[in-house]
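This briefing is meant to be read alongside the sequence and the 3D view.

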Amino acid sequence: ASPDTCFLACDPDGVALAYLFSLPWRAGSLPPHNAPACVLPASPDCIYLHDLAVSPAARGSGAAGLMVARFFTAARALALPQACLVAVQASAPFWARHGFAVVDDPALRPASLASYGEAARYMARLL
């Protein structure tokens, strides 16, 4: 749905080491999980970082930081005012180091975050 905001890092042999998927979206809402298709909103007001993964072989290599830096470059190019994400698996401290803060938005009731896991936290950062 948004190839300009999705990235893949590979080693010299073309083996995938890390990826980051993001898309223009609406702050305070979440893209549908497991939907057969992704329809981008007509007037996005944030870039939503859906997923960042680093293979065990690349952990500690700086790949995650490089992917996040690339994400922010793409986000600024879209001239959107903020970036949003859902922190899962106790990753909120990692995202806080990149300038994100937990947002307590009544529109995102716990049921909205339930599919992301019990400890999921909606976070945002101004760009």
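In this predicted model, the largest nonpolar core holds 23 residues, and those that touch the most other members are L20, L49, L52, F71, L85, W95 and F100. Two or more residues of this core come from each of β2, β3, α1 and β4, with α1 giving the most, at 8 residues.

**Contacts of L49 in the core**

- L49 belongs to the core residues that touch the most other members, and, once its neighbours within four places in sequence are set aside, L49 is in contact with L20, F21, S22, F71, C84, L85, V86 and W95.

**Helix α1**

- Helix α1 runs over residues 63–77, and its 15 residues reach 21 Å from the first C-alpha to the last, which is close to the 21 Å expected at 1.5 Å a residue.
- The buried residues of α1 are A63, A64, M67, V68, F71, F72, A74 and A75, and what covers them includes β1 (6–10), β2, β3, β4, α2 and β6 (121–126).
- An α-helix has 3.6 residues a turn, so residues three or four places apart point the same way.
- Just after α1, A79 takes a positive phi of about 60°.

- M67 lies in helix α1 and has a relative accessible area of 6%, so M67 counts as buried, the cut-off being under 20%.
- Not counting residues up to four places away in sequence, M67 touches F7, L8, A9, A18, Y19, L20 and L52; of these, F7 is 60 residues from M67 in sequence, although the two are 7.2 Å apart in space, C-alpha to C-alpha.
- H50 sits in strand β3 and has a relative accessible area of 35%, which means that H50 is partly exposed, since this value falls between the 20% and 50% cut-offs.
- With residues up to four places away in sequence left out, H50 touches F21, S22, L23 and H33, and the C-alpha atoms of H50 and S22 are 5.2 Å apart even though 28 residues separate the two in sequence.

**The largest pocket**

- The largest pocket has a volume of about 470 Å³, and of the 17 residues that line it, D51, L52, V88, Q89 and S91 are the closest to its centre.
- Two or more lining residues come from each of β3 (46–54), β4 (82–87) and α2 (92–97), and β3 gives the most to the lining of the largest pocket, with 7 residues.
- Sorted by class, the lining of the largest pocket has 12 nonpolar, 4 polar and 1 charged residues.

**The second largest pocket**

- About 280 Å³ of space lies in the second largest pocket, which is lined by 16 residues, the closest to its centre being A1, L23, P31, C38 and H50.
- Strand β2, residues 16–25, gives the most to the lining of the second largest pocket, with 4 residues.
- The lining of the second largest pocket has 11 nonpolar and 5 polar residues, and no charged residues.

Notes. Residues are numbered from 1 along each chain as its sequence is written. This is a predicted model: local features need pLDDT of at least 70, side-chain atom pairs count only at pLDDT 80 or more; totals for chains, interfaces and linings use all residues. Side-chain values use heavy atoms; hydrogens and water are left out. On a 1 Å grid over the protein atoms alone, a cavity is a set of points where a 1.4 Å probe fits but cannot get out, and a pocket is an open set with protein on both sides within 12 Å along at least five of seven lines; lining residues have an atom within 4 Å of a point. Grid points are joined across faces, edges and corners, and a volume is the space filled by probe spheres set on the points. Ala, Val, Leu, Ile, Met, Phe, Trp, Tyr, Cys and Pro count as nonpolar, Asp, Glu, Lys and Arg as charged, and the others, Gly among them, as polar. The expected span of a helix is 1.5 Å times one less than its number of residues. Buried means under 20% relative accessible area, exposed over 50%, partly exposed in between (1.4 Å probe, protein chains only). Contact means heavy atoms within 4.5 Å. A nonpolar core is a set of buried Ala, Val, Leu, Ile, Met, Phe, Trp, Tyr and Cys residues joined through side-chain atoms within 4.5 Å.
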